[in-house]
Amino acid sequence: MKVPLLDLTAQYASIRDEIDTAMAEVVTSQRFILGAAVEACEDAIARYVGSDHAIGVSSGTDALLVALMAEGIGPGDEVVTTPYSFFATAGVIARVGATPVFADIDPVTLNLDPARVADSVTKRTRAVIPVHLFGQMAEMAPIMEIARSRGLAVIEDAAQAIGAEHGGRRAGSIGDYGCFSFFPSKNLGCFGDGGMVVTNDAARADRVRALRVHGEDVKYHHRIVGGNFRLDALQAAVVRAKLPHLDGWIDARRANAALYSRLLGDLADREPPLLTLPGIVTDRHVFNQYAVRVTDRDRVREELAAAGIGTAVYYPRPLHLQECLAALGYRRGDLPESERAADRAIALPIYPELTTGQIRTVADALRGALAGLA
Ligand SMILES: *Cc1c(COP(=O)(O)O)cnc(C)c1O
């Protein structure tokens with residue numbers, strides 16, 4: 001039995017009519033740029049996340065970029081974030097001319113360690129970007145406390161975490177901005193690139209809305225320098241059509257994760273443990289990825305691949321050790337928890353349409369690979 005890491009065709013097949021109808025409406029209207037489809041998507045996402053305003057943008061990366069631009073962050077400013085994330089999280093900080101400052105992660109959740117964030121704040125710090133990695137919210141309460149006491153903006157990178165929840169609040173609704181991605185492999189994916197910024201602050205929403213159309217207020221009158229950061233109407237229609245299914249997909253991902261944890265729990269409880277399971281400390285982890293940690297990752301991946309099982313490594317090189325950021329001066333050993341996670345994490349198939357049989361196949365193959373190493 002083959003088990004791919006992700007199979008998007010299964011999901012499309014299950015809601016094909018709804019999606020095709022939504023896309024056909026846009027094509028019939030020939031309104032491809034902003035307009036009713038984008039507005040309907042924005043309203044639905046704002047309601048789902050629990051934020052007052054939502055602004056559709058061209059990608060998750062551009063959502064983060066436009067939030068930094070809206071805060072006026074640039075040269076001379078520092079932004080604290082995690083080194084254990086997709087490159088975009090730090091790339092956008094460098095792109096506006098500011099300096100990424102990396103704080104290490106908590107080894108249980110792999111999210112930013114609030115104590116390390118507090119240690120990293122200087123007079124130049126303007127913002128913090130917590131990432132809700134793999135679909136579990138970062139520890140927002142202490143991060144918000146640090147940010148509020150120092151006057152910092154908080155930009156949540158919720159690209160992997162739409163629908164994640166803790167203490168009755170959803171990912172993206174707590175900071176000054178929440179940034180989402182609709183990249184096809186995210187839990188709510190469109191048919192290309194797309195993203196969304198949410199905020200509870202009307203003035204910030206207004207700036208983001210202007211920035212996505214070249215800083216334009218009135219047609220051809222530019223208040224600030226922005227860019228073309230618009231969400232396509234076709235992509236908005238896909239997102240809007242998929243949204244009513246998201247909670248069901250999240251429930252399926254959570255059930256799949258619970259089954260893995262039950263099937264593999266004894267290996268994690270052994271002394272010494274053969275693997276580390278995801279550390280779940282929040283109310284609703286949405287499992288965009290289910291990443292376990294093992295010591296001999298390459299061997300384990302090879303054995304799983306030989307058994308027809310797809311895996312991936314998110315992320316093999318932490319951001320402070322990326323070549324393009326070498327001028328920041330970080331060295332291996334500076335952020336040991338992030339480096340350890342980057343060396344050991346391996347993502348298993350977790351998508352909603354997996355069968356129980358497929359999950360058992362993956363768990364058995366992983367058990368076999370680990371037994372071979374023990
Ligand atoms: C996917 C992702 C992004 C970027 O989103 P795109 O839509 O691909 O630009 C940013 N941050 C994280 C954590 C992501 O997983």
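User: Why is T355 called partly exposed?
Analyst: Its relative accessibility is 40%. Buried means under 20% relative accessible area, exposed over 50%, and partly exposed in between (1.4 Å probe, protein chains only). At 40%, T355 therefore counts as partly exposed.

User: What kind of model is this?
Analyst: This is a predicted model: local features need pLDDT of at least 70, side-chain atom pairs count only at pLDDT 80 or more, and totals for chains, interfaces and linings use all residues. Residues are numbered from 1 along each chain as its sequence is written, and side-chain values use heavy atoms, with hydrogens and water left out.

User: Where does T355 sit?
Analyst: T355 is in the loop between β13 (345-348) and α12 (356-373). Helices (H or I, at least four residues) and strands (E, at least two) are DSSP runs, numbered from the N terminus.

User: What makes Y84 and F134 an edge-to-face pair?
Analyst: Two values decide. Rings of Phe, Tyr and Trp (its six-membered ring) pair if their centres lie within 6.5 Å; planes under 30 degrees apart count as stacked, over 60 as edge-to-face and the rest as tilted. Y84 and F134 have ring centres 6.3 Å apart and planes at 85°, so the pair is edge-to-face. Y84 is in the loop between β2 (78-81) and α5 (88-95), while F134 is in the loop between β4 (125-129) and α7, 50 residues apart. Both residues are buried.

User: And why is the pair of F86 and Y315 called tilted?
Analyst: Its centres are 6.4 Å apart and its planes make 40°. F86 is in the loop between β2 and α5, Y315 in the loop between α10 and α11 (336-344), 229 residues apart.

User: How do you know whether F86 and Y315 are buried or partly exposed?
Analyst: The percentages decide. F86 has 44% relative accessibility, so F86 is partly exposed. Y315 has 14%, so Y315 is buried.

User: Which residues do ring pairs link into a cluster?
Analyst: The cluster holds Y84, F86, F134, Y314 and Y315. By the ring rule, the count of aromatic pairs comes to 8. Y314 and Y315 are also joined by a cis peptide bond, with omega about 0°.

User: What makes the buried residues of α10 one-sided?
Analyst: Helix α10 spans residues 297-306, and its buried residues are R297, V300 and L304. They cover an arc of only 65° around the axis, which puts them on the same side of α10. The arc is that of the directions from the helix axis to the C-beta atoms. The face turned away from the buried side carries the exposed residues D298, E302 and A306. An α-helix has 3.6 residues a turn, so residues three or four places apart point the same way.

User: Which residues of α7 are buried?
Analyst: M140, I143, M144, I146 and A147 are buried. Their arc is only 160°, which puts them on the same side of α7. A141, E145 and S149 are exposed on the other side.

User: What makes a set of residues a nonpolar core?
Analyst: Such a core is a set of buried Ala, Val, Leu, Ile, Met, Phe, Trp, Tyr and Cys residues joined through side-chain atoms within 4.5 Å. The largest one here has 54 residues, and those with the most contacts inside it are I45, L188, M196 and L246. The largest share, 10 residues, comes from α9. A second, separate core of 27 residues includes L277, F287, Y351 and A363.

User: Why is Y220 called exposed?
Analyst: Its relative accessible area is 62%, which is over 50%, so Y220 is exposed. Y220 lies in the loop between β10 and β11 (221-222). Its phi is positive, about 70°, although Y220 is not a glycine.

User: Why does H214 count as partly exposed?
Analyst: H214 has 40% relative accessibility, so it counts as partly exposed. H214 is in the loop between α8 (202-211) and β10 (216-218). Its phi is near 60°, a positive value in a residue other than glycine.
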